[in-house]
Amino acid sequence: MIKNIFSTIVLLILSVLFLLIIMEYYPKNELSPLANHYVESSLKDLNTPNIVTSVVVTYRGLDTLGEVTVLFLATAGVGFLLKKKVILTERKRKASEILKTASMFLSPLIILLGVYIFIHGHLTPGGGFQGGVLIASAFLLMILADVDLKINHFILQFVESFSGAFYVVIGLLGLILAGGFLDPRFLLLGKFGQIFSTGAIPIIYSLIGLKVGSELTGILEYMRGGDE
């Protein structure tokens with residue numbers, strides 16, 4: 001009875017909050033001064049067609065660094081809580097040959113798509129986080145298809161540490177050689193619309209993709225109970 005009353009009160013509070021948000025909403029016919037600055041500067045200063053990339057990687061690069069740090073802390077927390085190997089008493093059921101074969105065929109394609117997404121993040125929708133999640137989903141598919149699959153934790157930790165450290169190095173190079181932290185203009189901006197353009201943005205997005213992919217894969221492996 002108390003549980004039902006509490007749930008009803010929570011639902012009423014949420015309903016009121018959402019109602020207030022809806023009542024305060026009004027469509028905007030033009031961009032705000034800040035958004036307009038982002039639109040103009042991303043084309044003029046950064047030479048990138050993807051405005052979202054400009055905002056995420058450069059204008060609010062410190063926020064992105066914070067998000068990556070939060071993901072790292074989550075991975076470390078999961079690893080600490082699940083560091084003891086889980087001993088399964090039940091016999092593992094092996095997957096069928098069809099599932100294993102399909103996994104071996106699809107996983108490299110998914111990883112390739114993830115790499116494509118974060119390499120082209122400055123040109124098309126997508127970026128480091130999206131590509132990294134796709135890479136982790138490929139490893140999840142392999143884990144589900146093969147219960148005996150062993151993922152090397154040393155390689156995961158090396159990729160995660162290297163990409164995180166080099167991400168900070170790129171940020172410091174932007175601070176020293178350009179206009180600020182994670183400013184990509186210390187490298188040549190290149191030709192508009194080309195893959196080798198927008199300065200260091202493709203490198204930054206690639207590092208974010210590798211870091212996110214390795215961290216999420218590490219979480220999956222910890223949750224599975226692997227420790228090798």
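Predicted model: local features only at pLDDT ≥ 70, side-chain atom pairs only at ≥ 80, totals over all residues.
Helices (H or I, at least four residues) and strands (E, at least two) are DSSP runs, numbered from the N terminus.

Residues are numbered from 1 along each chain as its sequence is written, and side-chain values use heavy atoms, with hydrogens and water left out.

Next, select the loop between helix 7 (153-177) and helix 8 (201-224), where leucine 182 lies. Leucine 182 has a positive phi of about 60 degrees although it is not a glycine. Is leucine 182 buried or exposed? Its relative accessible area is 0%, so leucine 182 is buried. Buried means under 20% relative accessible area, exposed over 50%, and partly exposed in between (1.4 Å probe, protein chains only).

Stay in the loop between helix 7 and helix 8 and select threonine 198. Threonine 198 is not a glycine, yet has a positive phi of about 60 degrees. Threonine 198 also counts as buried, at 0% relative accessibility.

Now show side chains and look for salt bridges. A salt bridge is a side-chain nitrogen of Lys or Arg within 4 Å of a carboxyl oxygen of Asp or Glu. How many are found in the whole structure? The search finds 5 salt bridges.

- Select aspartate 183 and arginine 185: their side chains meet in a salt bridge (2.7 Å, N to O). Aspartate 183 is buried at 9%, whereas arginine 185 is partly exposed at 40%.
- Select arginine 60 and aspartate 63: their side chains meet in a salt bridge (3.5 Å, N to O). Arginine 60 is partly exposed at 24%, and aspartate 63 is partly exposed at 43%.
- Select glutamate 215 and lysine 211: the closest N and O atoms of this salt bridge are 3.1 Å apart. The two residues are 4 residues apart in helix 8, which means about one helical turn separates them. Both glutamate 215 and lysine 211 are buried.

Last, select Arg60, Asp63 and Glu67, which salt bridges with shared partners join into one network.
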